[in-house]
Amino acid sequence: MNDIRAEALHVVSTLMRESLVDRKVIARTEAPVRAILPDLNVIQIGGLSIMDRGQSALMPVLDEIVANQHEHTQIIGVGPGVRARHILSVGMDLGLPTGALATLAAKSSAQNAYMVSCLLASHGFVYLEAPFIVQLLPAMLAAARGAVFNGIPPYDLWEHPPAFGKIPPHGSDAGTYLVGEVFGARSIILLKDVDGLYSGDPKTEPNAKFISEIHASELIRMDLPTLPIEKSLVSLLTRAKSAKSVRIVNGLVPGNLTRALAGEPVGTVIHL
Amino acid sequence: MSNENDRQSVLSDLGTRLAGGVHADAGIGRASEPASDFAILPWANVVKIGGQSIMDRGRSAVGPVVDEIVANLNRHKMILGTGAGTRARHVYSLAIDLGLPVGVLTVLGTAVAWQNAQMLQYLLAKHGIAFLEPQEFGSLAHYLMERGAVICQGMPPYKLWEANPDSGRIPPQRTDTGCFLIAEVFGARKMIYVKDEDGLYTADPKKDPGARHIARISVQDLLARDLNDLVVERAVLELMLNAHHIREIQFVNGLKPGQLTAALDGEPVGTVIFNADLARGAQA
């Protein structure tokens, strides 16, 4: 089993002594991925778009989640909203780096996720911090009736400095998607306050066309000046192995979530 | 619940612009650019101890590196991160064979870097050196001030949230990247990688005897050469382009006593990869 040489002790494997930076070695590791939780539906509740509007927007969404509980396994990622924008602006004014800003902003979405978990508690939903997603999600889904998690990924101090400015590039869209991708989820649905993607800003451009379906690479090529989702999510989708699409629907319209869970063509779907 | 007046009252000027738009708005990203950069720990040095290159060699390689760390405890403040190495290669190949996703491989690889960090901590414990998990980094400054060094595992804490690579199934952001991001976020004085080569070569010197040493190269030049293999994870080079604080990273041979000390003292040993784009540096 062990290859004992004068200097180093190696464990025999197909990658033994290889450079994991070597492109040829990396290319050799391409292989299919198994879905860990193939029945899982990952749903994001937007921060600014849904949470910050309070009960008039949020309660109908939660009612719809509960109504679908017996039909679909759902876990809910929640975005941070306006409090994250506030602490980002204070933090940037103080000169703090992106990793510090990401750590701070993640607490705002943790608050929102915790509130959602309280509102769904009587239906058996639990709030899971990142370490518990890693260790306990399958057990919690078997015992409880769903889970709520912080949409922002746990990158914290290790968040990437972006190409422009300091705003953490991986927010609750990217974090929610990555949970769906790693578990090989059945669907990933982002609940926002817009119907989906448009070729321009529908508020200012009356000729803006609705996009019901698009490939991530095409969306990157279009280089739209504003998007209702994080650019990092679109980039992650181009490298999807398991979760090969994301659907954006208007969470302010009752019935949209149910239709999306049923696989109906509502909102915008972005494909690999 | 949240109307425009409420938003205005809690938000600064930039905050109002952020609240009105979305993160994806490139204009807002640029608007945040002129903000000053505060270096949190400008005297800290991040030192990564290689996994396959140092730790896997056992006492013959680790002993002298530990001695050199101890000799520098009163001279330089060091955040010591560890690499993973051959056990990570084994568990990656096994997990890939089992069809497990990149996020799961990252969880597995993190455990290997953690093992190496624990071993290094046992060797340095009698000098009062502590091991810190990512969630304990709030105490990092205290340990550095009191003891001169701390140990952490080098992997970034991405776990299941690790992004897929462009090609293949190996987690693209491993311990080189995790240590680099620690240096960047704290605005550290130096980022030094301790490996088993004198730095960067035109090819892998372990396999190609004609490979030539490169003492100093810009990250832009290195990326433009589009080499098949590199001394460091590609993610580090890409992140260097966007870094606000870390202008250069240094690679030294941990099998040659004195190289780590020389690098800590600011001498040009091994290989230095620097950012030739001065625009970012002017902010730092």
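## Where the two chains meet

In this predicted model, the contact between the chains draws on 74 residues from chain A and 71 residues from chain B. On the chain A side, the elements that give two or more residues are β2 (9–11), α1 (23–28), α3 (82–93), α4 (98–119), α5, α6 and α8 (231–237). The largest share comes from α3(A), with 7 residues.

What kinds of residue make up the side of chain A that touches chain B? Sorted by class, there are 41 nonpolar, 16 polar and 17 charged residues.

## The sheet of chain A

Let's move to the sheet of chain A. Here, 8 strands form an open sheet with mixed pairing, in the order β5-β6-β4-β3-β7-β11-β12-β10. At its edges stand β5 and β10 (213–215) of chain A; each has a single partner strand, so one side of each is left without a neighbour in the sheet. On average, neighbouring strands of this sheet are turned by 20 degrees against each other, direction ignored.

For a look at one pair, take β4(A) and β6(A), which run in the parallel sense and are joined over 4 bridges. If you want to find a spot on screen, look for A:Gly77, which stands opposite A:Phe149 in β6(A).

## Helix α5 of chain A

Along the way, α5(A) bends by about 75 degrees at A:Leu136, and a proline, A:Pro138, follows within four residues.

How does this helix sit on the sheet? α5(A) lies across β4, β5 and β6 of chain A and runs at about 160 degrees to β5(A). Which of the residues of α5(A) are buried? They are A:Ala130, A:Ile133, A:Leu137, A:Met140 and A:Leu141. These buried residues pack against β4 (73–78), β5 (125–128), β6 (146–150) and α6 (172–183) of chain A. As noted for the contact with chain B, α5 and α6 of chain A also give residues to that side.

## The sheet of chain B

Chain B has an open sheet of 8 strands with mixed pairing, and its order is β3-β4-β2-β1-β5-β9-β10-β8. The edge strands are β3 (130–131) and β8 (216–218) of chain B, each pairing on one side only.

The partner of β3(B) here is β4(B), residues 149–153: the two pair in the parallel sense over 2 bridges. Within that pairing, B:Ala130 has B:Val150 in β4(B) as its bridge partner.

Notes:
Residues numbered from 1 in each chain as written. Chains lettered and ligands numbered in written order. Predicted model: local features only at pLDDT ≥ 70, side-chain atom pairs only at ≥ 80, totals over all residues. Bend = angle between axes of the 7 residues up to and from the residue. Buried ≥ 20, exposed ≤ 12 C-beta atoms within 10 Å, placed from the backbone. Contact = placed C-beta atoms within 7 Å. Nonpolar A, V, L, I, M, F, W, Y, C, P; charged D, E, K, R; others polar. Pairing = 2+ DSSP bridges. Axes fitted to C-alpha atoms, helices over the stretch in contact; angles between N-to-C directions.
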